[in-house]
Amino acid sequence: QVQLVESGGGLVQSGGSLRLSCAVSGLTFSSYGMSWYRQAPGKERELVASISSADGSTNYAESVKGRFTISRDNAKNTMYLQMASLKPEDTAVYYCNAFVIISRRHDFWGQGTQVTVSS
């Protein structure tokens, strides 16, 4: 059974920092690309950052470049999102995603963790 469990969300003041974690079980973590998505109230879910399984290369949404850092620890089956200089517009539910392409794309999702940034 595949499980992705996010933690580390909470309430923080504008300019503050948080680190999200995603603990993964039930799949070969090192073989999966990993991503963080977020969804704000009334908005569609958007990709925040991703990190590849092959070489650890990363991609970021323009809105978080220079402020957020995605990383992974394959020995711990865990992905992280270090968030700094947080803004009220970063307020959203943050979701962990694991994906692999075998014939087609296969996705697994966590339940989400709330991040609220007060002004």
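In which strand is Ser-50 found? Ser-50 belongs to strand β5, where helices (H or I, at least four residues) and strands (E, at least two) are DSSP runs numbered from the N terminus. The structure is a predicted model, in which local features need pLDDT of at least 70 and side-chain atom pairs count only at pLDDT 80 or more, while totals for chains, interfaces and linings use all residues. Residues are numbered from 1 along each chain as its sequence is written, and side-chain values use heavy atoms, with hydrogens and water left out.

With a relative accessible area of 13%, Ser-50 is buried; the word buried stands for under 20% relative accessible area, exposed for over 50%, and partly exposed for values in between (1.4 Å probe, protein chains only). Not counting residues up to four places away in sequence, Ser-50 touches Met-34, Ser-35, Ser-57, Thr-58, Asn-59 and Ile-70, contact being defined as heavy atoms within 4.5 Å.

We can turn next to the sheet. Two strands pair if DSSP finds at least two bridges between them. An open sheet is formed by 4 strands in the order β1-β3-β8-β7, with antiparallel pairing. Its edge strands, β1 (3–7) and β7 (68–73), each pair on one side only. On average, neighbouring strands of this sheet are turned by 15° against each other, direction ignored; axes here are lines fitted to C-alpha atoms, for helices over the stretch in contact, and angles run from 0 to 180 degrees between N-to-C directions. Within the sheet, β1 and strand β3 (residues 18–25) are joined in the antiparallel sense over 5 bridges, and Leu-4 stands opposite Val-24 in β3.

Antiparallel pairing links β9 with strand β4 (residues 33–39) over 7 bridges, with strand β10 (residues 104–109) over 6 bridges, and with β11 over 3 bridges. Arg-38 has Tyr-94 as its bridge partner in β9, Asn-97 stands opposite Trp-109 in β10, and Val-93 stands opposite Gln-114 in β11. The strand is mostly covered, as 8 of the 11 residues of β9 are buried. The C-alpha atom of Ile-101 is separated by 9.2 Å from that of Gly-33, 68 residues apart along the chain.

The structure holds 1 disulfide, a pair of cysteine sulfur atoms within 2.5 Å. This disulfide joins Cys-22 to Cys-96, with an S to S distance of 1.9 Å. Cys-22 lies in strand β3 and Cys-96 in strand β9, so the pair ties together parts that are 74 residues apart in sequence. The link of Cys-22 and Cys-96 is left-handed, with -70° about the S-S bond, and both Cys-22 and Cys-96 are buried.

A nonpolar core is a set of buried Ala, Val, Leu, Ile, Met, Phe, Trp, Tyr and Cys residues joined through side-chain atoms within 4.5 Å. The largest such core has 30 residues, and those with the most contacts inside it are Met-34, Trp-36, Met-79, Leu-81, Met-83 and Tyr-94. At least two residues of this core come from each of β3, β4, β5 (46–51), β7, β8 (78–83), β9 and β11. It is β9 that gives the most, with 5 residues. In soluble globular proteins, nonpolar side chains tend to be buried together.

Strand β11 (residues 113–118) contains Thr-113, which counts as buried at 11% relative accessibility. A polar atom of the Thr-113 side chain lies 3.3 Å from the backbone nitrogen of Gly-9. Leaving aside neighbours within four places in sequence, Thr-113 is in contact with Glu-6, Ser-7, Gly-9, Leu-20, Ala-92, Val-93 and Tyr-94.

Most residues other than glycine have a negative phi. Asn-77, in the loop between β7 and β8, has a positive phi near 55° and counts as partly exposed at 26% relative accessibility. Ser-103 sits in the loop between β9 and β10, a hairpin with 1 residue between the strands, and takes a positive phi near 65°. Ser-103 is exposed, with a relative accessible area of 84%.

Key
A polar contact is a pair of N or O atoms within 3.5 Å; within protein, one must be able to donate a hydrogen and the other to accept it, and residues adjacent in sequence count only if both atoms are side-chain atoms.
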